Amino acid sequence: MNIAIIGAGAIGSAIAQQLARAGLDFGIANSRGPDSLAGLVRDLGPHAAAVSAAEAAQADIVFLAVNWSKIPAAVKDVGPWQGRIVIDANNAIEAPLFQAVDLGGRASSAVVAELLPGARLVKAFNHLQAALLAGDPRAEGGRRVLFYSGDDAQAKARVAQLIERLGFAGIDLGTLDGGGRLAQFPGGPLPVLNLVKFA
Ligand SMILES: NC(=O)c1ccc[n+]([C@@H]2O[C@H](COP(=O)([O-])OP(=O)(O)OC[C@H]3O[C@@H](n4cnc5c(N)ncnc54)[C@H](OP(=O)(O)O)[C@@H]3O)[C@@H](O)[C@H]2O)c1
């Protein structure tokens, strides 16, 4: 499995820490190029490689963890996305104002999917604050829960496998328009909940 992350900030780094801890090789990219990530990949260890966003976009599974307003620029010229699994870890809200973006009533992942023609989008890794997402998923005697939603069953199954491999407990919320809305922030009831599964 070939994995990469576009976005190396709070959430991209949290995902990177989990991949590194699980011993999975991955590439990580930001807007400023691989050289700017030298310190981060050194800290992450031998499984991490700094890559360009264009290289990251060629992976089988691409995590997208970019500031909401910068997503269009981040994904515009780095496709094609045909068949790739893209994990939408984004929320339609942004520092420093933290005002909800007007999505015109659409699910936030529907807006992201429109920017990634042909990609198989799975919404996941977006509902926890970065510090918790980076932490040990084996928590309180159980496993910390991550939600996932998507319209492509095979893509969802692969993301579910990855979530389990990282040590989290995955919960399938259904489609992007159904479950995706439950897990989107702001608006859904599930974000920020730190849930642990015991069985
Ligand atoms: N922070 C949280 O607790 C949290 C929780 C859940 C979900 N989220 C969501 O996760 C996403 C990322 O948030 P964050 O907190 O990780 O933001 P962040 O710390 O500001 O990091 C954003 C990352 O996106 C990269 N980026 C920006 N434009 C890019 C481009 N054109 N090409 C490639 N990379 C680009 C930045 O690279 P440069 O630094 O090089 O510009 C940076 O590495 C957002 O959608 C946010 O809503 C955040």
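Me: On a 1 Å grid over the protein atoms alone, a pocket is an open set of points where a 1.4 Å probe fits, with protein on both sides within 12 Å along at least five of seven lines. What takes up the space of the largest pocket?

Reply: A molecule is said to sit in a pocket if more than half of its atoms lie within 2 Å of the grid points, and here the ligand takes the space of the largest pocket. This is a predicted model, in which local features need pLDDT of at least 70 and side-chain atom pairs count only at pLDDT 80 or more, while totals for chains, interfaces and linings use all residues. Residues are numbered from 1 along each chain as its sequence is written, and side-chain values use heavy atoms, with hydrogens and water left out.

Me: How many residues surround the ligand?

Reply: Counting residues with a heavy atom within 4 Å, the ligand is surrounded by 23, the closest being Ala8, Ile11, Ser31, Arg32 and Val66. With Ala, Val, Leu, Ile, Met, Phe, Trp, Tyr, Cys and Pro taken as nonpolar, Asp, Glu, Lys and Arg as charged, and the others, Gly among them, as polar, the shell holds 12 nonpolar, nine polar and two charged residues.

Me: Which side chain has an N or O atom 2.6 Å from an oxygen atom of the ligand?

Reply: A polar contact is a pair of N or O atoms within 3.5 Å, and the side chain of Ser31 supplies the one at 2.6 Å. A polar side-chain atom of Arg32 lies 2.7 Å from a ligand oxygen, and a backbone N or O atom of Ala10 lies 2.9 Å from one. By accessible area (Shrake-Rupley, 1.4 Å probe), the protein covers 78% of the 900 Å² that the ligand has on its own.

Me: Where do cis peptide bonds occur?

Reply: Most peptide bonds are trans. Here a cis bond joins Gly79 and Pro80, with omega about 0°, and another joins Ala95 and Pro96, with omega about 5°. With helices (H or I, at least four residues) and strands (E, at least two) taken as DSSP runs numbered from the N terminus, Pro80 lies in the loop between helix 4 (71–76) and strand 5 (85–88), and Pro96 in the loop between strand 5 and helix 5 (108–114).

Conventions
A polar contact is a pair of N or O atoms within 3.5 Å; within protein, one must be able to donate a hydrogen and the other to accept it, and residues adjacent in sequence count only if both atoms are side-chain atoms. On a 1 Å grid over the protein atoms alone, a cavity is a set of points where a 1.4 Å probe fits but cannot get out, and a pocket is an open set with protein on both sides within 12 Å along at least five of seven lines; lining residues have an atom within 4 Å of a point.
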